[in-house]
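Have a look at the model first, then read on.

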Amino acid sequence: METEVLQEQPQTALEPPFSLEGRTALVTGAGRGIGRAIAKRLSAAGAQVMASDLDEVMLRQSEAECSRRPGQVRHFCGDLTDPAVPAALVQATLDAFGAIDIIVNNAGYSWDNVIQKTTDEQFMAMLEIHLVVPFRILRAASSYIRDTAKKEIAEGKRVMRKVVNITSIAGTDGNPGQVGYSSGKAGVIGLTRTLAKEWGRYNVNVNSVGFGLIQTRLVQDLNRPDAKMEMHGHQIRLGVQPTLLESVKTACPLGRLGTPEEAAGAVLFFCSPLSDYVTGEVLICGGGLHF
Ligand SMILES: NC(=O)c1ccc[n+]([C@@H]2O[C@H](COP(=O)([O-])OP(=O)(O)OC[C@H]3O[C@@H](n4cnc5c(N)ncnc54)[C@H](O)[C@@H]3O)[C@@H](O)[C@H]2O)c1
């Protein structure tokens, strides 16, 4: 029976072999899905977390689920594609916690179609959320990161900071029907590799994690009536056809989708001291699946 199979599954360890006590993380798209799981992992490791998303109700749930002590997790609600919001989020994090040590650019959604049916607005929206938003957040954080690192270095201290930009196997491999999404997710790898070179001197590890198929609303049954989100006046369908999902599972060496917790585990590696000598890399967390 299914319940027995589930009970036999190994529990994913939540307590990591390091501590992020005293570190401050900013996580976008933390209202649900993988972003919430990342916020949970980081707070379980001791970090203070600023959770950002579009949806206040979901953010309050994340805050309640992730906080292990009062005030450990705070939230910032706003549409990151508004050009003023990324800088406001960075400032809100500095105002709330006085520091930024870890930035996870995770917020995203898919607005899919083949090239001949993709409008300019649709294509630009995918570049905006997956590439321009991470760029604006990192640019806004750059003064704090550079100034703080310069002081630490002058005092003879090496304090490692972390940037993790979320990409996808659609970005590394390409995926038919996702011309905009794939382009945005490929672009963010260029941002990652360039910033790794610009910020190495400031002791910042800049890496990407690319997911295969992870069980969130982005891979729910596309035929469900609620499989959509509202964005800038558009009702955007979110999900995939169940038949496609089955064929993908067959093609995946591990034979299943990943959980948000498993996805967050790969991100946690890049947020932790375990990755202090890794930068400019893309780690694929997809059960071995490639498109
Ligand atoms: N689920 C997968 O199989 C999969 C595969 C590859 C990559 N990814 C990537 O992982 C990341 C997380 O996706 P998920 O599967 O958890 O999806 P999700 O829909 O569960 O969560 C994404 C979150 O991002 C937020 N968001 C979207 N646009 C925003 C905006 N303009 N401003 C603020 N917040 C915004 C949404 O409100 C949502 O809460 C995304 O970047 C996605 O592209 C997911």
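**Ser19 and its surroundings**

Let's start with a local detail: a polar atom of the Ser19 side chain sits 3.0 Å from the backbone nitrogen of Glu21. Keep in mind that this is a predicted model.

- Ser19 is part of the loop that runs between helix H1 (2-8) and strand E1 (24-28).
- Its relative accessibility is 46%, so Ser19 counts as partly exposed.
- Ser19 and Leu42 are 23 residues apart along the chain, and their C-alpha atoms are separated by 9.4 Å.

**Who surrounds the ligand**

- There are 30 residues around the ligand, and the ones that come nearest are Arg32, Asp53, Asn106, Tyr181 and Thr216.
- Sorted by type, the shell around the ligand has 14 nonpolar residues, 11 polar ones and five charged ones.
- Four elements each supply at least two residues of that shell: helix H2 (33-44), helix H5 (120-154), strand E5 (161-168) and helix H7 (179-199).
- Strand E5 gives the largest share of the shell, with three residues.

**Polar contacts and burial of the ligand**

- On the nitrogen side, a ligand nitrogen atom lies 2.8 Å from a polar side-chain atom of Asp79.
- Ile214 uses its backbone instead: one of its polar backbone atoms is 2.8 Å from an oxygen atom of the ligand.
- Gly108 also comes in through the backbone, with an N or O atom 3.5 Å from a ligand oxygen atom.
- How much of the ligand does the protein bury? Taken alone, the ligand exposes 820 Å², and the protein buries 98% of that.

**His130, a buried side chain**

- You'll find His130 in helix H5, one of the helices that supply at least two residues of the ligand shell.
- Buried or exposed: which is His130? His130 is buried, because its relative accessible area is 3% and the cut-off for buried is under 20%.
- A polar atom of the His130 side chain lies 2.8 Å from the backbone oxygen of Tyr109.

- Phe269, Leu274 and Leu283 make a nonpolar surface patch of about 240 Å².
- Leu274 belongs to the loop between helix H9 (260-271) and strand E9 (282-285).
- With a relative accessible area of 52%, Leu274 counts as exposed, because the cut-off for that is over 50%.

Notes. Residues numbered from 1 in each chain as written. Predicted model: local features only at pLDDT ≥ 70, side-chain atom pairs only at ≥ 80, totals over all residues. Heavy atoms only, no water. Near = heavy atom within 4 Å. Polar contact = N/O pair within 3.5 Å; in protein donor to acceptor, adjacent residues only side chain to side chain. Areas by Shrake-Rupley, 256 points an atom, 1.4 Å probe, with all protein chains shown as cover. Nonpolar A, V, L, I, M, F, W, Y, C, P; charged D, E, K, R; others polar. Patch = residues over 30% accessible without salt bridge, like charges linked within 9 Å, V, L, I, M, F, W, Y side chains within 5 Å. Salt bridge = Lys/Arg side-chain N within 4 Å of Asp/Glu carboxyl O. Buried < 20%, exposed > 50% of the residue type's maximum accessible area, 1.4 Å probe, protein only.
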